[in-house]
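Work through the exercises below with the sequence and the structure at hand. Each task is followed by a solution in steps.

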Amino acid sequence: MTAILKHASEHLRRAILLSYYLGLRPGATELLGLTWDDVRPDGTILVRSAAKGGPGFRIVPVHKDLAAHLEYWKADGERYIIHYTGAPVGSLKRTWRNTLRRAGITRRLRMYDLRHHFVTVALENGMPIKAVSEIVGSRPETLMRHYQHVSSALHRSVVASIPTAKTERPQK
């Protein structure tokens, strides 16, 4: 993440941070369609959902670290949060690919993987799947099937959570 952000242009840096902190789909509707009118005074963002069968929109709380970035970005006076020289951005594929190359990252990595990361980290940190699903605009079943990537550390944690069996000595 550090290497990518270091080599990213300003508009891509904004897209990365918004996706990272909000779990947004990186397309035209959810991420690239965000305007300053969507940032609400109560510390939330109105996200228009991509047409994936879920709710038409959702209200997502703004992470405290993202709030500081939003405050700084707002000063540029543009309508869209993510813009390039004042114009809305239609796609991030080329700039994403070029940024990965400049950062020396050769493995397959997509902008969409930031959404997967958001869901996985939230679930691994014990957040209720219903709450996570509402924030990202997907059904809990969809999160379990496509997004939750269980780490080996979590596997070890699950096994370690089983109480010790009361025995006199280890069995052969």
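**Exercise 1.** Does Thr85 count as buried or exposed, and at what relative accessibility?

Solution. The model is predicted, so local features need pLDDT of at least 70 and side-chain atom pairs count only at pLDDT 80 or more, while totals for chains, interfaces and linings use all residues. Residues are numbered from 1 along each chain as its sequence is written, and side-chain values use heavy atoms, with hydrogens and water left out.

Step 1. Apply the cut-offs: buried is under 20% relative accessible area, exposed is over 50%, and partly exposed is in between, with a 1.4 Å probe and protein chains only.
Step 2. Thr85 has 70% relative accessibility and therefore counts as exposed.
Step 3. Check the backbone: Thr85 is not a glycine, yet its phi is positive, at about 50°.

**Exercise 2.** Describe the chain as a whole.

Solution. 
Step 1. Assign the elements as DSSP runs, numbered from the N terminus: helices are H or I with at least four residues, strands are E with at least two.
Step 2. This chain has eight helices and five strands.
Step 3. Read from the N terminus on, their order is α-α-β-β-β-α-β-β-α-α-α-α-α.
Step 4. Along the principal axes, the C-alpha atoms fill a box of roughly 75 × 40 × 30 Å.
Step 5. The chain has 172 residues, of which 36% count as buried.
Step 6. Take contact as heavy atoms within 4.5 Å. Among contacts between residues at least 6 apart in sequence, 57% join residues at least 24 apart.

**Exercise 3.** At what angle do helix H6 and helix H7 pack, and which residues make the contact?

Solution. 
Step 1. H6 (residues 129-136) and H7 (residues 140-147) pack at about 90°, and their axes are 9 Å apart.
Step 2. H6 is therefore roughly perpendicular to H7; the classes are under 35 degrees for roughly parallel, over 145 for roughly antiparallel, 65 to 115 for roughly perpendicular, and oblique for the rest.
Step 3. H6 contributes Ile129, Val132, Ser133 and Val136 to the contact, and H7 contributes Pro140, Leu143 and Met144.
Step 4. These residues divide into six nonpolar, one polar and no charged. Here Ala, Val, Leu, Ile, Met, Phe, Trp, Tyr, Cys and Pro count as nonpolar, Asp, Glu, Lys and Arg as charged, and the others, Gly among them, as polar.

**Exercise 4.** How many salt bridges does a search of the whole structure find? Examine three of them.

Solution. 
Step 1. Require a side-chain nitrogen of Lys or Arg within 4 Å of a carboxyl oxygen of Asp or Glu. The search finds eleven salt bridges.
Step 2. Arg14 pairs with Asp76, with the closest N and O atoms 2.7 Å apart. Arg14 lies in helix H2 (residues 10-22) and Asp76 in the loop between helix H3 (64-74) and strand S4 (83-84), so the pair ties together parts 62 residues apart in sequence.
Step 3. Arg14 is buried at 6% relative accessibility, whereas Asp76 is partly exposed at 30%.
Step 4. Glu30 and Arg58 form a salt bridge of 2.7 Å, N to O. Glu30 is in the loop between H2 and strand S1 (39-40) and Arg58 in strand S3 (residues 57-61), 28 residues apart. Both residues are buried.
Step 5. Arg139 pairs with Glu141 at 3.2 Å between the closest N and O atoms. Arg139 is exposed, at 53% relative accessible area, and Glu141 is partly exposed, at 42%.
Step 6. Through shared partners, salt bridges join Glu10, Arg13, Arg14 and Asp76 into one network.

Technical notes. Axes fitted to C-alpha atoms, helices over the stretch in contact; angles between N-to-C directions.
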